[in-house]
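Subject: Structure for you to look at

Hello,

Here is the structure we talked about. Please open it first, then read the notes below it.

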Amino acid sequence: MLGGIAGVAWLDHSRSSRRYLARLHRATIETLLNVLHAGDPFSARHSRRVAALAGELARAHRLPPEALSEIRLAALLHDMGKLEEHLLPIVLSPDRLSGNEREKIEEHPREGAHILAPLEEIHPGLIGIVSSHHEAWNGGGYPRGLSGEEIPLGARIISMADVFDAVTQPRVYRDADCIEDGIRLIRSGRGSRFDPDLLDTLDQPAVTARWIEIAEAGRREESALQNVAEEALV
Ligand SMILES: [Fe+2]
C-alpha cells in the first residue's frame with residue numbers, strides 16, 4: 001500500500017519535473033530570441049519565418065517529430081552569430097555591403113556555433129546545423145565548402161528557407177522580389193545551391209502554398225512596421 005502511494009507520488013513528481021524542464025527550455029529559447037530582437041529586430045522576425053518555412057518543408061519531407069523540432073530550433077537560432085560585436089554594426093548598416101564587409105559577415109555561421117555551443121549537450125547536432133546553413137549542395141558555400149550529404153539535412157532545409165525569406169521580404173536597401181519569383185529562384189538552385197530531393201518536396205502544391213502564405217504574412221508584418229516607423233518620422 002505504502003509502496004503504491006510512494007510510486008504515485010514519484011510519478012507525479014517526475015511529471016511535474018518534466019513539465020518544469022519543458023517550460024524552462026521554452027523560456028531559454030524565447031530569451032535568446034529576445035536578445036536577438038534587441039540587437040537586430042529584423043533578424044529575429046526573419047528567424048521566426050525561417051523556422052515556420054523550414055518546419056513545413058521538414059514535415060512534408062516526412063522527418064520524425066524529434067528531427068522536426070530540432071530543425072525548428074536551429075532555424076530560430078541560425079543567425080545568432082550576427083550579434084557578435086564586430087558583425088552587428090555591419091548587419092545594421094542601411095547600405096549595401098562592401099566586399100570586405102561581406103567577407104566578415106560570412107563568419108556569422110561559425111560565430112553562431114560558438115555562441116550556441118553550451119546548448120549542444122542537450123541538442124546534439126544543433127551547432128552542426130547552425131554552422132552549415134550557408135553551405136551549398138555543390139560545395140560552393142561557406143564557411144567550409146561542404147557538399148551534398150556532408151551538409152546536415154537540417155542545414156540544407158534551413159538554407160532554402162533562409163534564401164526564400166531573404167529575397168521575398170523588403171529591406172531598407174532593396175525591394176522584395178515577388179513571392180512567385182522567390183519560389184522560382186529557389187527552384188533554379190537545383191543541384192547547385194540546393195538539395196534536389198528537398199526541391200521535389202517543395203514542389204508539392206500544399207508545401208508551395210504554405211510557403212507563399214508565410215511570405216505574405218511576413219510582408220504584411222514588415223510593411224505595418226515600416227508604416228509605424230515612417231509615421232514616427234513625420
Ligand atoms: Fe545566415
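Helices here are DSSP runs of H or I with at least four residues, numbered from the N terminus. Please keep in mind that this is a predicted model.

Salt bridges

A salt bridge is counted when a side-chain nitrogen of Lys or Arg is within 4 Å of a carboxyl oxygen of Asp or Glu. By this rule there are 13 salt bridges. Side chains of opposite charge can pair when their charged atoms come close.

Start with helix α2 (residues 41-60), which holds both Glu 56 and Arg 59. These two are three residues apart, about one turn of the helix, and their side chains form a salt bridge with an N to O distance of 3.6 Å. An α-helix has 3.6 residues a turn, so residues three or four places apart point the same way. Is Glu 56 buried or exposed? Glu 56 counts as buried because its relative accessible area is 16%, and buried means under 20%. Arg 59, at 45%, is partly exposed.

Asp 12 is partly exposed at 45% relative accessibility, and Arg 15 is partly exposed at 40%.

Which parts of the chain does the salt bridge between Arg 156 and Asp 195 link? The side chains of Arg 156 and Asp 195 meet at 2.7 Å, N to O. Arg 156 is in helix α8 (residues 153-168), while Asp 195 is in the loop between α9 (179-188) and α10 (196-202), so the pair links distant parts of the chain, 39 residues apart. Arg 156 is buried at 12% relative accessibility, and Asp 195 is buried at 5%. Elsewhere, salt bridges with shared partners connect Arg 45, Arg 49, Asp 165 and Glu 222 in one network.

Surface charge

A patch of positive charge on the surface is made up of Arg 18, Arg 19, Arg 23 and Arg 26. One of them, Arg 19, belongs to helix α1 (residues 2-39). Arg 19 has a relative accessible area of 54% and is therefore exposed, as the cut-off for exposed is over 50%.

Helix α3

Helix α3 (residues 65-77) has 13 residues. From first C-alpha to last, α3 reaches 19 Å, close to the 18 Å expected at 1.5 Å a residue. Its buried residues include Leu 68, Ile 71 and Leu 73.

Regards

Methods: Residues numbered from 1 in each chain as written. Predicted model: local features only at pLDDT ≥ 70, side-chain atom pairs only at ≥ 80, totals over all residues. Heavy atoms only, no water. Patch = residues over 30% accessible without salt bridge, like charges linked within 9 Å, V, L, I, M, F, W, Y side chains within 5 Å. Areas by Shrake-Rupley, 256 points an atom, 1.4 Å probe, with all protein chains shown as cover. Lys, Arg positive; Asp, Glu negative; His and termini not counted. Charge placed at Lys NZ, Arg CZ, Asp CG, Glu CD. Buried < 20%, exposed > 50% of the residue type's maximum accessible area, 1.4 Å probe, protein only. Expected span 1.5 Å × (residues − 1).
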